[in-house]
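Have the sequence and the 3D view open as you read.

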Amino acid sequence: MPGPSAASISRILAIAAACSVVAAEPSPIVKPPDGSWIPGDTIEIIAKAGEGRLLLDGRALPTEQPFPGVLRAEVQVQAGTHTVRLETSDGSRQVSFHSGPAPEGRHGAAYRDHPPVQVDCSHCHSVSRRGRFRFSGGCQACHAEDLFIRTHSHQSHELASCGMCHDAHGSSAAKLLVMPRERACKQCHN
């Protein structure tokens, strides 16, 4: 009985590789998201890194560290496509974004910050007793509970975390969703 052909083995290996793909680790560069279009010229850059440096188009940026493990910079940019690189002792990560008018061929919504007005990081975040940076604001500090229930058809305590479905820093998607609504609901409902 002959064994499997080379083509069969190649297909089996390709299927096995596709099935074993693990979700990519989230980028330590929180803002701006990779591939985003930001209509303005003032850009807030946030990265999760204890130490390191942020570069915009190859030039080092003056940064602040509002919390342990967080780097932040706010810069004015010209219209066009830019790169932000985070360099740490573990290596570097990079994202690109476009600022100003929509880039040619772009069919999609512009990135919108959340909240839409500038607030301090400490509005939603704090440092734990162990010195760890954490979310502490609670979305209901700004979002009324009755509107939440009408939108979600659940009490807020029934959902594990707003961040499972919404990007608390901003998004190009409607309602700041990180995935399509149907997929978001299926995280809990089969």
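1. Start with the hairpin. Strand 7 and strand 8 run antiparallel and are joined by nine bridges, and the two strands form a hairpin with two residues between them. To find your place on it, look for Thr83, which stands opposite Ser96 in strand 8. Two strands are said to pair if DSSP finds at least two bridges between them. Helices (H or I, at least four residues) and strands (E, at least two) are DSSP runs, numbered from the N terminus.

2. A word on what you are looking at. This is a predicted model, in which local features need pLDDT of at least 70 and side-chain atom pairs count only at pLDDT 80 or more, while totals for chains, interfaces and linings use all residues. Residues are numbered from 1 along each chain as its sequence is written, and side-chain values use heavy atoms, with hydrogens and water left out.

3. Now the overall picture. The protein has three helices and 12 strands. Of its 190 residues, 24% are buried; buried means under 20% relative accessible area, exposed over 50%, and partly exposed in between (1.4 Å probe, protein chains only). The protein exposes about 13,000 Å², with carbon and sulfur atoms supplying 55% of that (Shrake-Rupley method with a 1.4 Å probe; for residues, only the protein chains shown count as cover). Among contacts with a separation of 6 or more, 53% are between residues 24 or more positions apart; contact means heavy atoms within 4.5 Å.

4. Which sheet does the hairpin belong to? Strand 4 (residues 53–56) pairs with strand 7 (residues 80–88) in the antiparallel sense over four bridges. Along that pairing, Arg53 has Glu87 as its bridge partner in strand 7, and Leu54 has Leu86.

5. Leaving out residues up to four places away in sequence, Leu54 touches, among others, Ile45, Ala47, Leu71, Ala73 and Val84.

6. Ala73 in strand 6 is the bridge partner of Ile45.

7. Where do charged side chains meet? There are seven salt bridges in the structure, each a side-chain nitrogen of Lys or Arg within 4 Å of a carboxyl oxygen of Asp or Glu. One of them joins Glu44 and Arg72 (2.8 Å, N to O). Glu44 lies in strand 3 and Arg72 in strand 6, so this pair ties together parts that are 28 residues apart in sequence. Glu44 is buried at 14% relative accessible area, and Arg72 is buried at 11%. Arg72 also meets Glu74 in a salt bridge (2.8 Å, N to O), where Glu74 is partly exposed at 45%. Another salt bridge joins Glu87 and Arg85 (2.9 Å, N to O). Salt bridges that share partners join Lys31, Glu44, Glu64, Arg72, Glu74 and Asp113 into one network.

8. Last, the cysteines. The structure holds zero disulfides, a disulfide being a pair of cysteine sulfur atoms within 2.5 Å. For Cys124, the nearest cysteine sulfur is that of Cys142, 6.2 Å away. For Cys139, the nearest is that of Cys162, at 3.3 Å. Cys139 is partly exposed, with 28% relative accessible area.
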